[in-house]
Amino acid sequence: MSRQKTAIVIGAGVGGTSTAARLAHAGLNVEVYEKNDFSGGRCSLIHHDGHRFDQGPSLFLLPPLFEQLYSDLGTRLQDHIDLVQCHPNYVIHYHDGESVTLTSDRAKLGREVERFE
């Protein structure tokens with residue numbers, strides 16, 4: 001009688017969950033341990049007084065890495081999520097009333113960066 005191998009993954013952020021998914025897809029029994037009561041790590045949210053705060057990236061960077069993960073799991077990223085490009089990507093507001101608008105439009109972004117140079 002053969003026993004199924006078990007892998008233990010510490011942390012349920014993007015790295016931990018993608019590693020756990022790949023190990024489970026390879027046939028291992030996977031246990032994931034997370035210190036928080038939510039998963040996502042730096043890709044999660046904090047809700048406070050009716051406001052929502054990102055704890056990490058707000059942009060979808062390095063799409064090929066995510067496409068590879070889904071491919072490794074025998075599926076396609078496009079079959080699970082719809083990506084929508086925001087215009088602008090986001091606006092950062094500072095306490096002094098100043099703001100910075102970040103956009104995928106390189107010309108507009110260049111003009112915005114020049115305001116601070």
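Contact here means heavy atoms within 4.5 Å. The structure in these views is a predicted model.

**View 1. Threonine 103 and the residues around it.**
Threonine 103 sits in the loop that runs between β6 (99-102) and α3 (106-114). Threonine 103 counts as buried because its relative accessibility is 14%, and buried means under 20%. When neighbours within four places in sequence are left aside, the residues in contact with threonine 103 are Pro88, Asn89, Lys108 and Leu109. A polar atom of the threonine 103 side chain also lies 3.1 Å from the backbone nitrogen of aspartate 105.

Proline 88, one of the residues in contact with threonine 103, is placed in the loop between α2 (63-72) and β5 (90-93). Most peptide bonds are trans. The bond from histidine 87 to proline 88 is cis, and its omega is near -5 degrees.

**View 2. The backbone at aspartate 49.**
Aspartate 49 is found in the loop between β3 (45-48) and β4 (51-54). Most residues other than glycine have a negative phi. Aspartate 49 is not a glycine, yet its phi is positive, at about 50 degrees. Is this residue, aspartate 49, buried or exposed? With a relative accessibility of 65%, aspartate 49 counts as exposed.

Leucine 65 counts as exposed, with a relative accessibility of 54%.

**View 3. The salt bridge between aspartate 72 and arginine 22.**
Side chains of opposite charge can pair when their charged atoms come close. In this structure the count comes to four salt bridges. In the one between aspartate 72 and arginine 22, the closest N and O atoms are 2.8 Å apart. Aspartate 72 is partly exposed, at a relative accessible area of 32%. Arginine 22 is also partly exposed, at 33%.

**View 4. The salt bridge between aspartate 79 and arginine 76.**
The side chains of aspartate 79 and arginine 76 form a salt bridge with an N to O distance of 3.1 Å. Aspartate 79 has a relative accessible area of 49% and is partly exposed. Arginine 76 is likewise partly exposed, with a relative accessibility of 47%.

**View 5. A salt-bridge network at arginine 115.**
Which residues are linked in a network of salt bridges? They are Glu98, Glu112 and Arg115. Between glutamate 112 and arginine 115, the side chains meet at 2.8 Å, N to O. Glutamate 112 is buried, with a relative accessible area of 13%, whereas arginine 115 is partly exposed, with 45%. Arginine 115 belongs to the segment after α3. Apart from neighbours within four places in sequence, arginine 115 is in contact with Glu98, Ser99 and Val100. Threonine 101 is 14 residues from arginine 115 along the chain, and the C-alpha atoms of these two residues are 11 Å apart.

How many disulfides does the structure hold? The number is zero. To count as a disulfide, a pair of cysteine sulfur atoms must be within 2.5 Å. The closest cysteine sulfur to that of cysteine 43 is in cysteine 86, and the distance is 15 Å, so the two are too far apart for a bond. Seen from cysteine 86, the closest cysteine sulfur is the one in cysteine 43. Both residues are partly exposed: cysteine 43 has a relative accessibility of 46%, and cysteine 86 has 43%.

Methods. Residues numbered from 1 in each chain as written. Predicted model: local features only at pLDDT ≥ 70, side-chain atom pairs only at ≥ 80, totals over all residues. Heavy atoms only, no water. Helix = DSSP H or I, 4+ residues; strand = E, 2+ residues; numbered from the N terminus. Buried < 20%, exposed > 50% of the residue type's maximum accessible area, 1.4 Å probe, protein only. Polar contact = N/O pair within 3.5 Å; in protein donor to acceptor, adjacent residues only side chain to side chain.
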